[in-house]
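Subject: Structure handover and first findings

Hello,

Here is the structure I promised you. Please open it beside this email, as my notes follow it element by element.

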Amino acid sequence: MIESLLVANRGEIARRIIRTARRLGVRAIAVYSEADADLPFVKEADEAVCIGPANPAQSYRNTEAILAAAKSTGAQAIHPGYGFLSENAEFARTVEASGLIWVGPGADAISAMGDKINARNLMAAAGVPVAPGTTDPAADVTAALAAAAEIGYPVMVKAAAGGGGMGMAVAADEDVLRTEYEKVRGFAERMFGDGAVLIERYFPRVRHVEVQILGLADGRVVALGERECSVQRRNQKLVEESPSPAVSPELRERFLAAAVRAGEAVGYRNAGTVECLLDPTTNEFFFLEMNTRLQVEHPVTELVYGLDLVEEQLRVASGLAPNFDPDALTPRGHAIELRVNAEDPKRFLPGPGAVKTWVEPQGEGVRVDSGYAAGTTVTPFYDSLMAKLVVYGADRAEAIARARAAVAGFEITGPKCNLPFFAELLENAEFVAGDYDTGIVSRMR
């Protein structure tokens, strides 16, 4: 097993990785920006190094500063968490070229899946269903219009290098497509340094279902069930649950088999997620993208399968066999995750601030992965995620009941908070019935 691990991230995910590392006897090293000096993950690490000011480009995205911290602390490996440099193939290569162990998939797999058009083409060749769309970037508006005419409106306009729900727009006709194409291309150039745009079929009513995969040290790829991620605002997830209430046993077999093929197509190692769109009227599903990292929502899979995905990541990176039997994976019960963000519960606009009160809910089946505590401050420099409230029950009804109680028992004052939204959602008839899609939040608002 790896003996010392530097966590190149912050907040709740850094704290969560540190927790597993220390349980395994692995020395945990944190890096932090000046703005995060008082956060719990810094205090809980065995060692912590300040790597720069609040600006992520000068700290959490600063390769030189992170590698210098690894060298000065004698770190053996680097875990990137999610976001920041986690899906940066060049960073992964640089880490390994420096003689360190990269706790994640290989740089080639990151590169292959990082471009949505290339990923679509690879998946199609591997027999994974993909939605009708362009196989090459739409070089200009004329090409985009021609592609849309062939696919049929409405279409989705997407940044080829995008991710996390960013760089996407829907076009219902030619006039809208002309406008949105230029907007998406400009956004992609600014955010990702790559203005390539793809056009694909848009599904007016769709569910977002993903499969957790794990590429083992022996070369096998296993699928650890699916997660439902359809509660979203601005194409970004707010709630995840496992198993999906929309997926039958037969459909689940098809989902998992396709996800394994996707991983095998790129020689995948370590944890990753194959994201798909599910048409609930036909039960057709289509590859959306592969996230080559640990997902924010990994706890629901951990609870349903009774394992620790961070431990499994470390075992793969160490060349060890998994701490479970890949041939006897049996999901049990139901888990739901609520992303507790520093944002108002109506318009979901960020609301950073000093945390005056922080009281986490207790009780059977309740887990809180938090990045903050009373006396700390949610700054405007980073993602608004403060904590992940995760509940587990013997079935979905029990999980929802526990989620209601946990939301009521979670007290946060200071920054704005979206807990009232979750209280509303957990009483929503569509959600309670499990018959919802990615439009549920807009219908509630």
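In what sense do strands E14 and E19 pair, and over how many bridges? They pair in the antiparallel sense, over eight bridges. Strand E19 covers residues 385–393. One point to find on screen is Asn341, which stands opposite Leu385 in E19.

Please keep in mind that this is a predicted model.

**The chain as a whole**

The protein chain has 15 helices and 20 strands. Along the principal axes, the C-alpha trace spans about 60 × 50 × 45 Å.

Of the 445 residues, 56% count as buried. Take the contacts with a separation of 6 or more: 65% of them are between residues 24 or more positions apart. The accessible surface comes to about 16900 Å². Carbon and sulfur atoms hold 50% of that surface.

On charge, there are 45 positive and 60 negative charges. Their mean positions lie 3 Å apart.

**Strand E14**

Back to E14, residues 334–341. Eight of its eight residues are buried, so the strand is largely enclosed by the rest of the structure. In a regular strand, side chains alternate between the two faces of the sheet. Here both faces are covered. One side carries His334, Ile336, Leu338 and Val340. The other carries Ala335, Glu337, Arg339 and Asn341. Note that Glu337 and Arg339 are among the buried residues.

E14 also pairs with strand E11 (residues 236–242). That pairing is antiparallel too, over four bridges. In it, Val239 stands opposite Leu338.

E10 and E11 form a hairpin with two residues between them. In that turn, Arg234 has a positive phi of about 55°.

How many residues of strand E10 are buried? The count is 13 of the 13, over residues 221–233, so E10 is largely enclosed by the rest of the structure.

E10 pairs with strand E9 (residues 207–215) in the antiparallel sense over six bridges. Val209 stands opposite Glu228 in E10. E9 and E10 form a hairpin with five residues between them. Gly219 sits in that turn, with a positive phi of about 100°.

**Helix H10**

Helix H10 runs over residues 298–305. Seven of its eight residues are buried, so this helix is largely enclosed by the rest of the structure. The buried ones are His298, Pro299, Val300, Thr301, Glu302, Val304 and Tyr305.

**Ser59**

Is Ser59 buried or exposed? Ser59 is buried, because its relative accessible area is 0% and the cut-off for buried is under 20%. Ser59 is found in the loop between strand E3 (47–52) and helix H3 (63–73). Leaving aside neighbours within four places in sequence, Ser59 is in contact with Ser33, Ile51, Gly52, Pro53, Ala54, Ile66 and Tyr382.

Best wishes

Key: Residues numbered from 1 in each chain as written. Predicted model: local features only at pLDDT ≥ 70, side-chain atom pairs only at ≥ 80, totals over all residues. Heavy atoms only, no water. Buried < 20%, exposed > 50% of the residue type's maximum accessible area, 1.4 Å probe, protein only. Contact = heavy atoms within 4.5 Å. Areas by Shrake-Rupley, 256 points an atom, 1.4 Å probe, with all protein chains shown as cover. Lys, Arg positive; Asp, Glu negative; His and termini not counted. Charge placed at Lys NZ, Arg CZ, Asp CG, Glu CD. Pairing = 2+ DSSP bridges.
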